[in-house]
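Welcome! Please take a moment to look over the sequence and the 3D view before reading on.

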Amino acid sequence: MSPDTGEQYLLRRRPASEKLVDVSFKNLAIALASMVAIVLFAILVVVFWGSLESMGRYGWKFLVTSNWNPVDDEYGAFTAIYGTIVTSLLSLAIAVPLGVGTAVFITENIIPPRIRNVIGVMVELLAAIPSVVLGLWAIFVLEPFIRPFLTWLNQAFGWLPFLSTAPMGPGMAPAILILVVMVLPIITAIARDSLNQVPIKLRQAAYGVGTTRWGAILNVILPAAVSGIVGGVMLALGRAMGETMAVTMIIGNSNNFSWSLLAPGNTIAAMLANQFGEADGSQVSSLMYAAFVLIVLTLAVNVCAQWLVKRLSLKY
Amino acid sequence: MTVSSSARPIPDLSYKPGLQRNLLSRLLTLIAGLFSAICVLPLVLVLAYVLIMGGGKISLALFTQLPPPPGLEGGGIGNAIIGTIIVSIIAGLIAIPVGVGGGIFLAEYSKGGSFAQFIRFGTNVLSGVPSIIAGVFVYGIIVSTRIFFGNSYSALAGGIALSILMLPTVIKTTDEGLKLVSDDLRRGALGVGASRFVTIVRITLPTAFTPIATGVVLSIARAAGETAPLIFTALFSPFWPEGIFNPIASLSVLIYNFAIMPYQAQNELAWAASFVLVMFILAMNLFARWLGRFAAK
């Protein structure tokens, strides 16, 4: 045997080309990751830049007047802002109990796991249905179906300003209902995740002191999961504010302001969808201004949501 | 009280269904069950209507012919099907490399530094940006500036708008998929002398292929159903696609345009297009689910 020189154990020296590939791949990954920040920043800059003209001309009055008149170059987006906020908040008011109730139903061992999974999958698939298909369904199925009920509401409670007009097809009320359908999957999914994260010991302790199922759910489990659920509700609010197609197709796209939920209305997203294709001149700038308002609203809501969701993971 | 504490009778521990709290509990369970039924109802109803109203219209002509002029009968949605495929491919070609690259950075290179946290935060914020805003943005930088050979509305602009919506999903799934890969595998590869690049490309990426593919499939399905970013970027075209620098038809915009037309023939085509689109999206979702189950084994 020849003496062991150790030569066969010598480490391979990395060629310069390999180092170059390594470093450039890392830099490429960094560059691609930065695209997110660049796109986000560019969206803000482009929309802000586009709205400068309108901002200079109308200022704050744009937000509180409801006069939308391309012929005379008079623009005020209050109708759309009112519609955006009212439709999204009211749809949440309906969707939150439904979604949280469903989440409780499919996490709290009430029904066999197989049925639980089926409901879970169905709610997820509901989220996959394109907005435009829901809009089509709303036009031809939902709205004709609920119109008699809305008419009755108007006849019985017409003295309330929110129900003061007779329903004539498209309007805010059917738009709110289709928004409920669109935000339900988000609320249900996030509420389910939050409930699943509640430690099992908390449940055992609650049942151990002799509470009923709903005693445990209402006093122990839901309070423990509440920050995650609220985060999910905020995400759903952001989604509802920005939801476009289904709302555009059913809300009526009226720029005449009305307090009534049975009257046709508008949202910022619907206004953009409807007018952007044919707009020119200062109308484009005013639409950009409206888009900027929408971005600010949804960003604020989303940042709050993320802060809340992050707090949940720290709590337990 | 005459009973001393030492001789306290054993309390009755059996379940009494008639107690008020037990009745209330059952009532609330019933309400929760009712809420679940209401949650599932829209999916069932929408699918039923799409199947009935759209499924009956399926024929060869639907896939091979152009839509008829307003008010006329017959025709198909062939151009819209091809258009949706083209726009989705453009979106995928942009969003998948950028998203996977960004995900690789987050999972493999960042060590939780402030830049990575900022990118993660930005990804979440971007996924919350309304889809119509992506359309407004692309309108502002591409359509109104006419940077593609002086053309304004184009398939390319539509694809870019959709890619903005796909990007956060692809980054997140890549990041999460790569984080699932065990560190032992990376150390093993690095230990036998592989470079960082080779480790990622040959070891960690293939290992995380299924979760990444699942996310990509879901994001493509979502992009294919999006309408809002397309209506003023790709616009619409009643003709066969004329290259990626011209306006192009898509199923979702066709549904939108034809649903609000006062002609029955157009409304029927909208239902038929909905059927095709929903079937495609559900198939993609089931495929993604299958991929996920495949990975779990």
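This report walks through confidence, a helix, cysteines and salt bridges.

What you see is a predicted model. For chain A the mean pLDDT is 88, with 94% of its residues at 70 or more. Among the elements of chain A, the highest mean pLDDT, 94, belongs to helix 3 (residues 78–107) of chain A, and the lowest, 84, to helix 11 (residues 282–315) of chain A.

## A helix with a kink

Let us turn to helix 1 (residues 20–55) of chain B, which has 36 residues. From its first C-alpha to its last, this helix reaches 51 Å, close to the 52 Å expected at 1.5 Å a residue. Along the way there is a kink of about 30° at B:V40, shortly before the proline B:P42.

## Cysteines

You will find zero disulfides over all chains.

## Salt bridges within a chain

Over all chains, the count comes to 11 salt bridges. One of them joins A:R57 to A:E53, with the closest N and O atoms 2.7 Å apart. Both residues sit in helix 1 (residues 16–58) of chain A, four residues apart, which is about one turn of the helix. A:R57 is partly exposed at 43% relative accessibility, and A:E53 is partly exposed at 42%.

In chain B, B:R186 forms a salt bridge with B:E108, and their closest N and O atoms are 3.0 Å apart. B:R186 belongs to helix 7 (residues 183–191) of chain B and B:E108 to helix 3 (residues 78–109) of chain B, so the pair ties together parts 78 residues apart in sequence.

## A salt bridge between chains

A:E124 and B:R289 also form a salt bridge, the closest N and O atoms being 2.7 Å apart. This pair crosses between chains, from A:E124 in helix 4 (residues 113–128) of chain A to B:R289 in helix 11 (residues 264–296) of chain B. A:E124 is partly exposed, with a relative accessible area of 35%, and B:R289 is partly exposed at 28%. Together with A:R192, these two residues are linked in a network of salt bridges.

Conventions: Residues are numbered from 1 along each chain as its sequence is written. Chains are lettered from A and ligands numbered from 1 in the order in which they are written. This is a predicted model: local features need pLDDT of at least 70, side-chain atom pairs count only at pLDDT 80 or more; totals for chains, interfaces and linings use all residues. Side-chain values use heavy atoms; hydrogens and water are left out. Helices (H or I, at least four residues) and strands (E, at least two) are DSSP runs, numbered from the N terminus. The expected span of a helix is 1.5 Å times one less than its number of residues. The bend at a residue is the angle between axes fitted to the seven residues ending there and the seven starting there. A disulfide is a pair of cysteine sulfur atoms within 2.5 Å. pLDDT is the predictor's confidence in each residue, from 0 to 100. A salt bridge is a side-chain nitrogen of Lys or Arg within 4 Å of a carboxyl oxygen of Asp or Glu. Buried means under 20% relative accessible area, exposed over 50%, partly exposed in between (1.4 Å probe, protein chains only).
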